[in-house]
Amino acid sequence: MDSQSAVTMEAGAPTRKESGRLPSRHGGHAHGHSGLARTAHGMSSSSLRKKSDATLVRKVPVASLRPVLANLQEVLLGTKLAVLFIAVPLAVAAQCFRFGQVWVFALSLIGLIPLAERVSFLTEQIALYTGPTIGGLLNATCGNATELIIAVFALVQGKIEVVKCSLLGSVLSNLLLVLGTSLFCGGIKNLGADQPYDRKQADVSTGLLTLGVLCQSLPLLLRYAVSSGEHAVATDTTVLELSRACSFIMLLAYVAYLFFQLKTHRQLFEPQEIEGGDEEEEEAVLGFGSALFWLILMTIIIAVLSEYVVGTIEPTSQSWGLSVSFISIILLPIVGNAAEHAGAVIFALKNKLDITLGVALGSATQISMFVVGTLTPFP
């Protein structure tokens, strides 16, 4: 595979003919580009989206209902995973009517798949109004919202092992399963062709992952170093203090990484354009207020289903004959990022490795530096 520099790609104008005037870097014209370069996460998830057909909506006799129905159609039916939304009300019904904890767990996992993809879509819609910096920060905080929310509920319920295993599984899933599958499939599909990617972007993510490994290893090394003799009594307190200090360093490094990615060297993280590519310009199909409302609602629903998952993981483990560690390391990470994972493989098949590397390394970096760093200070 050849290493090449990334080429800046601008997203399309965040407007439709029916929409009102939107803020823009080009004088606020409705037809101007927003200057927002699409991220690898956004482009990966977009591979599972589909255009909504507004024919039926136009036939609705009540004119005041058309915008509402068009909004619902865009949010709920604008994805190839729309059929999985049925699992969301079924999971709530299974919990309310006590159909069985295994059913609640399985339906909640299935329902989280389209919700995670829709959160990515909604953050992109908001980013088209706010510009590249705020949009990038939204993507940096919401890109792994499902894993973060699951980990928070597990932490609140005192299930530390689930937290550790799910976060470890997220990193391993991105680096081994997603990246490995993408490179293998992309290599087979594009056998004999060059597969260009931006090495600088990969180097930055690799450096942060290495720092994350060192920060997580230090408390473990200290525990083994002073686990006997007169220092044994103070070991737990000392390890906890060192762990919190390392988490602060990780969060500080992640903030510096965001500043580097979104401000000073933004061009390095924009997926390069392949000749003959058929990517369409991105348009805003939702208003800012509508997108923000749906983002909050989707996050609340994810929180509810995440609480169901955490609360039923142990009975499901016993029923399925699988350990809690296996479910936390294997199943939860795959479900949380299923949409992005599928998109990474699809773009690898299209010989667009920048997007694939951005998804795999970016998600692993976000989990190991931001999510782990955020949760570590809490006992």
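**Notebook: cores, ring pairs and helices**

I looked up Met-298 and found that, leaving aside residues up to four places away in sequence, Met-298 touches Val-75, Leu-76, Phe-85, Leu-115, Arg-118, Val-119 and Leu-122. Contact here means heavy atoms within 4.5 Å.

I note that this is a predicted model, in which local features need pLDDT of at least 70 and side-chain atom pairs count only at pLDDT 80 or more, while totals for chains, interfaces and linings use all residues. Residues are numbered from 1 along each chain as its sequence is written, and side-chain values use heavy atoms, with hydrogens and water left out.

**Cores**

I then asked which residues touch the most other members of the largest nonpolar core. Among its 69 residues, these are Leu-167, Met-298 and Leu-375. Another core lies apart from it and has 5 residues, including Ala-344, Phe-347, Ile-355 and Val-359. A nonpolar core is a set of buried Ala, Val, Leu, Ile, Met, Phe, Trp, Tyr and Cys residues joined through side-chain atoms within 4.5 Å. Buried means under 20% relative accessible area, exposed over 50%, and partly exposed in between (1.4 Å probe, protein chains only).

**The chain as a whole**

I counted the elements: the protein chain has 14 helices and 0 strands. Both kinds are DSSP runs numbered from the N terminus, helices being H or I with at least four residues and strands E with at least two. Of the 379 residues in the protein chain, 49% are buried. Among its contacts with a separation of 6 or more, 81% are between residues 24 or more positions apart.

**Aromatic pairs**

I found 6 aromatic pairs in the structure. Rings of Phe, Tyr and Trp (its six-membered ring) pair if their centres lie within 6.5 Å; planes under 30 degrees apart count as stacked, over 60 as edge-to-face and the rest as tilted.

One of the pairs joins Phe-105 and Trp-320 edge-to-face, with 5.7 Å centre to centre and 80° between the planes. Phe-105 belongs to helix α5 (residues 101–130) and Trp-320 to helix α11 (residues 288–320), 215 residues apart. Is Phe-105 buried or exposed? Phe-105 counts as buried because its relative accessibility is 0%, whereas Trp-320, at 37%, counts as partly exposed.

Tyr-129 and Phe-288 also form an edge-to-face pair, at 6.0 Å centre to centre and 65° between the planes. Tyr-129 lies in helix α5 and Phe-288 in helix α11, so this pair ties together parts 159 residues apart in sequence. Tyr-129 is buried, at 14% relative accessible area, and Phe-288 is partly exposed, at 36% relative accessibility.

I also noted a cluster in which ring pairs link Tyr-254, Tyr-257 and Phe-370.

**Charges over rings**

Arg-118 lies over the face of Phe-121, 4.2 Å from the ring centre. Lys-350 lies over the face of Phe-347, 5.3 Å from the ring centre. The criterion is NZ of Lys or CZ of Arg within 6 Å of the ring centre and within 35 degrees of the ring normal.

**Helix α13**

I checked the span of helix α13 (residues 338–349): its 12 residues should span 16 Å, and the end C-alpha atoms are 17 Å apart, which agrees. The expected span is 1.5 Å times one less than the number of residues. Buried residues in α13 include Glu-340, His-341 and Phe-347. Asn-351 follows α13 and has a positive phi, near 65°.

**Leu-262**

Leu-262 is in helix α10 (residues 235–264). Leu-262 is buried because its relative accessible area is 11%. Leu-262 and Ile-134 are 128 residues apart in sequence and 8.8 Å apart in space, C-alpha to C-alpha.
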